[in-house]
Structures are given as structure tokens and as C-alpha cells.
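These are my notes from going through one model. I wrote down what I looked up, in the order I looked.

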Amino acid sequence: MDPSVDHHEYCTGGFDPEDIIISGMAGRFPDCDTVGEFKDGLYNKKNLIKFSDARFEKGALGLPYSSCALVKRLDQFDAEFFQCANTLANRLDPAARIHMEVAYEAIADAGVDACDLRGQRIGMFNATTADDSNKICAAEEQYLNLTSMRSMNPNRATYAMGFTGPSIGIDTACSSTGVALWAAVQSIKAGCIEAAVVSGCQLNLIPDAILGYLVLGVQSPTGNSRPYDSNADGIIRAESVCAVFLQKAKAARRAYACVKATRFYSAGYVPEGIGVPSKSMQMEIMIDALSDAKVHPDEVQFVEGHATGTQVGDPIEVSAMDSVFNTKNRKKPLLLGSVKGNIGHTEACSGLCSVIKSLLAFETGLIPPNINYEAPNPGAHALMEGRIVIATEATPLTSDYIPVNSLGFGGTLVQVILKKNPRTYNDIKPASPSIPRIVLFPATIEEGITTVFDYVKNNPELPEEFFALLSKLSFADPFYKPFRGYAVYQEGKAPATQIKPVVPAKKQVWYIMTGMGCQWPGMGLQLMKIDEFARSMHKSAEILKVYGIDLFEILRPDKNYFHTDRKITASFVAICSIQIALVDVLSFLGVSPDGIIAHSAGELAASYADGACTHEQSLIASYLRGYAVESANLPEGGMAAVGVSWSEAEQMCPKDVYAACDNADDSVTISGLKEPIEKFVEKLKQDNVFVRMVNAHGFGFHCKFVHDAAPLMKPALKKLIPNPKPRSERWISTSYPESQWNLPECKMCGPDYFCNNLVSSVRFTHALKKIPSDAVLIEIGPHFLLQSILKRVVGPKASYHGLMKRNDEDNMLFFMESLGK
């Protein structure tokens, strides 16, 4: 995971680069399919402990109630995406299936596609304590189903995602995910792995364990979960499959919180019994974790407790917290809560559910309220006396730290101290609503894309962080996500969308640099709302100012500097400026061409796209071209597009008219003196041959009638480009025939090349035939002038995209849609 590629300074910059942070989270919770639904349930004080016959009915094994606090939709799984045969998927533990999805989602929530991490040392630390699926299989089919063993839960996910870090199953009862988090942190600190998925699986498919818990007095006989409450009478077993993604801050794209400290102890011998928590060891682990995190107890406003809701465990935990956090200097009561009041006891997942609740508190700035709490447990003296208060309403979080306590039946103790990110997405200035928002997204099916697009449409206040992270997920390998789509959102208008399947094979991207004829008044001005485009255009304006040219005056929509005979410099520099700006935007977006072909003067901007010339050199070269042409006292000429082949044009052209540009097998541009070419055009019209005059400002380019301009241009070009760079192999020359591509003057991007480009014929057709038939062609210029020619030469398998459209009323929308395509 390359930090230079992955790091998002604006959202992780509040931490030390080596800090271990939680960058993603996901999960299924009781009656909640997502963390978002879980968040809604917490803050709206919903009781998510709902009873249902989905697993077993009331009375099963004599139980006083049916199954409850369930995860939904155990029968749904994207087997194809995880490369799992349907027959195998049907035999897997449902927790293993959901775990693969949740692990993937947690990584995606961090702005990373798990498919991009294949082969990397990513750890999988999974806590699963229940073996219900295997028990069912053994009872019904009389054999042990190895595919549904709980030890396979982490391995299934590791296998599907191709991770090569440790894959560990952990069972320390109720503290299992806390221990998994501790183990993952140690592994990252030691440099054993780059990142880790910490996860938990808890599905209660059969009633056996509940019966055992009732016999032991652990399970609530009344079906209530009341942490710290006077009427607490035990736990309610609940379900969850959840995960978080851990990374070092220097490689992260998002940071919910930093894991400032984590400690894992055992209580050892406790005189009251192995199932009774140890106050002294709880105090010790809390104190040690605070010391590790360099946090004073007074800096802590709220603690997320373990709180099983038992009359024995809760008072001991509260007493330990009272001893540690209620110092003589504390000015306000310590706030305490437990997610178990909202969702029940998710056992293996309980520690991670508490961590996710704490992350939501950091994200919202509000401590989620506890429910099912009315009066303090009389054995919890700090609650009775008000030194510790249960947060029963959403309360502003004023501390940077939240300790999370996780205890396991049998004496294991885990303490995690989380620190919030001082930089949040709320600090990020939202994008201007005047600029359309483009959203790209891939998925395994079309519905997956429309779901995301509808979510964006229905949530107009989404933060910039959401779109930054979503963008990172937009370029998944089509092998895994064969559908791709884009949506362009513009205020007051319905989104423009397109979704289609794509082939797995990588396609080459080719830039086609348009020449003269694509210019129009006002071109490019609408795109000035794009920062990178505007930056480039202002740079061009500063460069041209030295030569007495006002670029933005030239571009004014109410004036036309582009159709004045014998004045061509304005067209050259305006087209080149826009082409350079478009290249800059594409480069900013990470688009780089595999090939470049330019028509006529388009080779000036091609030199910039290729990296052979600087912004300044390419633009000034365009100015020098125009200046030389205007100053050389050239004869009046003209140019026209004709629907014939190159050989036919050479045979047909009369005296002083020449075939100048070989555009396609059935299209050429002719050039010559004004009167002969006008007469020839009229004759062609009479003969029903397609012909159209081209605006060449009264000059005949690419023939002998422009030769006198070259000597005027060359000395200035030598000063401008004293040390020419070689053209790369991706830039296919249209100024020289292929037989001359190895000549020094063709290989180097310098004065000789640009002078030859002015006077030689344009060999466009031959160059286009070098483009792969399935390539992506992007026409770089103020208008997609060449698109019909490109389609005829390259063929129907390629895709063709212009970035701007002449006189379109909304060029910004056109540009955004073109990017999406």
C-alpha cells in the first residue's frame, strides 16, 4: 500500500504517520443491514432487540421466548463475486458468507478496493465463538462439515480476497473481538503486516446455548437487556457480523479514530470464581492503557463499558471505573454507556460493536444514548451517588478519547483507548454547486450502480470525503465488477447517467489533437469553473501577455477573432491554450495516453501532451507559427475538405491546388491559391462530390504556398527550444511518412519538426491505422471535429469521446459526461 498514492492528508493529517488508525467499518447488526442503519437505531433510541421465530420458536427446549436480536437475510450472498461455487456457498456457515461481504465492505469504507490488495500482507483477525452451523450439520447429516467450521471464517475471506498476511480465528468468549483488535495492532506495530481486518461473527442459529446460559443465571429470563440498571437480570444473546479496517495513518485515505492504546490481560485467580470479574485487574488494565496513551483520567468524558447486564458483573465494572477515572480533580461526573442496552449481547462481536459505537460518537460529536436504563444498579455505588452517570440522551462529546472496556467469560480483559481525528470532513469546503458533480462506480450488477447513484441523488448534503473515497473505488478490475456507470449531478436538473457492461481486457487510451477548424467564440469559458482548467488557462494568458495577446479577449463570446482573413495567430494560440488545459485536467485526473496523434497544428499541443515540450514552449511555438504566417507576405489561399481518396485528389487537383491532408480513405483536405481552389470547389459541387470550404484565414497550408513562413519561424524556435527533447514512441508523427520516422529531425521535437509540420502534407490516415481497433479515443480540442473521420478509419469497436462541443449551451455538462463515458 503505497502511502504516496493512498494517503489523504485532509482526513488523516491529524495523526502521526505511524499511528494505527481505523479507516473503515462495516457490519450487520440486530435488525440493521449497515452501519448507517445501526447509527440511526442508536441515535433514535430504537430497541433493536426484536423477537422472531426466524431461528427457533418460543418453547424450543423449554425457552421462555423465541430467537431475538437477529441479523437479516442470511440466505443472500454474492457467490460469483467471491468466486465461490453455489454448491459450496450453500454448505458454508452463513456467518462465513456474511463475513466475506462485511470484510470487503470495511475495506471499501476505507476507500480501498479489496481486489487491489490481492497478494499483499493484509491480516485477517476474526473472532467467532459459536459453532451452531456445524452442530446443525452434524445433527442433520451425521457428519462433520469441514466447510462450516468456525476456524474457516477468516480463511474463507482471506482466500477470496487473496491476502497473504496471518489469518487467525480467536475465541476468548465475550472479549474475542477486543483480543482480535489487540492482536492486529501488535502485528502492524511489529511490521508483520501492512494492514488488518478485525472482525467478529456471531449467529445464534439454535437455542442450546441460551438454555445453558439460563441454567447458569447468565441469560435474562424476562428477555430484557438492561446494562447497569436496577432491574438487570442477565444478557440477551444477540447477533452481529462486523469488521473494521486498520492501517497506519501514513497509508490511509480516511481516519475514524486512532488506536492510541490497547492492552490484553487475564484476571488470573479470582477467589469468587472463574466467572466473576476482577476489580483489581480491571483497574490495572485501565491504568496501564491510559499510561500507554499518555491520557490523564480527567481527559476522559465518556467510557464505553462492557456491561453484560448482570447483578454481579456490572457493579464490579462500575467500581473499577470509579476508582480509576474519578480523581479528586474531576469536575463533572464520568459518563458511561453500553451498546448492549440497544442491541443485546453480541458475544464474539461485543467489543467491536462498542468500538463502532464509539467511532460514531467521534463522527457525530454526540455520545449515543443508552436505552433500557431507568434506575442505577444498587450495587454500583458510583452510579447511586452520581459520580458516574449513564448517558441516556445524545450528549455532546467534548473529549478526544473514548476508552472501550471488553471482558471475557473466564477472566480475559481488553482495554482499548480510541482518539478521535482532529481533522474531520466537516472542515472540508464543499465543492461549488455551480460545477456538476460526476460520480463513477463499478459493480457486479447494474442494480449495484443504480443504488449508489440513487443514494447520491437523495442525499444532497454528502460530505466531500464521501466522494473522494468513492472515487478511489471507481476503477475496479472489470473481471470482478463487469458493470460500470457514471452519473452527472447538476443543481436543478435530473442526473445524466449511463451504465453498461465492460470487457475485462485493458484498452489503450489515445489522444487525438484537433487542428484548425475547431475554434469558436467563447470556447472554453464555461470550463473556467474547473480549477485545474482555469489554472492552466491563466498560465497561458500570462505567457501570451508578453507577446501583446490578451487570451481572454480573444475568447470573448461577443466577438469573433477566428474568422478574420489573414489574421490567424488568435486561432492558433486559443486552440493550443485550450488543448493544453484539457491535457492538464486529464493529467490531474490520472489519465495518461498510450498513444498520441495530432492533425496539422494539433501537433503543437501534442508536444506538450507527450512531455517533449513545456507548456510555455508549446504555446509560444503556436504563437510563432501564427506570427510567421502573418508576416511572410504569403499569397492568398484557401483550403477545403473533399470526399475523395488521396490518390484521387492528387489526380483531380488543377494547377496551384494540392492534396494537403490525408484524413481518411475517403476524405482529404486540399490547399492552394484562392482563385483556383474556389473554382475547383464549384466544379466539385457540380459533379456531386462532397466538398466544404475550411476556415484557414485566407492561407493555403501544407503546400508550397506556405513555405516562405518557415524561415521566419525557425530562428525564433531555435531560441525557444535550444535543446530539443526526443519525441516518445507513443506520439505517432503525421508530419513525416513512416519511412522517415527514424530521421533525426523527425525523432526530435524541435525547430525542424515544427517547420516541417507547417509545410508538409498531413499523413493522418496512415497514423490512425496504428491505433488498436478497441482503443478509447479522446479528441482534445474545442470541438470534436474529427470524430466522423476517426470512426471510419479506426472502426466500430473503438469508443470515441470529444471533451467540448461547439456552441453547446452547457459545455460543462458535456465535458463531465464525456469524462464519465
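Entry 1, aromatic cluster. I found that Phe77, Phe81, Phe82 and Tyr104 form one aromatic cluster. The model is a predicted one, and I counted 18 aromatic pairs in it. I then took up the pair of Phe82 and Tyr104: the ring centres are 6.3 Å apart and the planes stand at 90°, so I noted the pair as edge-to-face, the term for planes over 60 degrees apart. The pair links distant parts of the chain, 22 residues apart. Phe82 sits in the loop between strand E3 (67-68) and helix H4 (86-91), while Tyr104 belongs to helix H5 (residues 94-109).

Are these two residues buried or exposed? Phe82 has 6% relative accessibility, so Phe82 counts as buried. Tyr104 has 11%, so Tyr104 counts as buried too.

I counted 6 cavities of 30 Å³ or more.

Which residues of H28 (residues 787-794) are buried? I listed Gln787, Ile789, Leu790, Val793 and Val794. Seen down the helix axis, they fall within an arc of 155°, so they line one face of H28. The elements covering them include strand E19 (509-513), helix H27 (764-768) and strand E30 (799-802). Just after H28, I noted a positive phi of about 110° at Gly795.

Technical notes. Residues numbered from 1 in each chain as written. Predicted model: local features only at pLDDT ≥ 70, side-chain atom pairs only at ≥ 80, totals over all residues. Heavy atoms only, no water. Buried < 20%, exposed > 50% of the residue type's maximum accessible area, 1.4 Å probe, protein only. Helix = DSSP H or I, 4+ residues; strand = E, 2+ residues; numbered from the N terminus. Arc of directions from axis to C-beta. Contact = heavy atoms within 4.5 Å. 1 Å grid on protein atoms, 1.4 Å probe; cavity = no way out; pocket = protein on both sides within 12 Å on 5 of 7 lines; lining within 4 Å. Points joined across faces, edges and corners; volume = space filled by probe spheres on them. Phe/Tyr/Trp six-rings, centres within 6.5 Å; stacked < 30°, edge-to-face > 60°.
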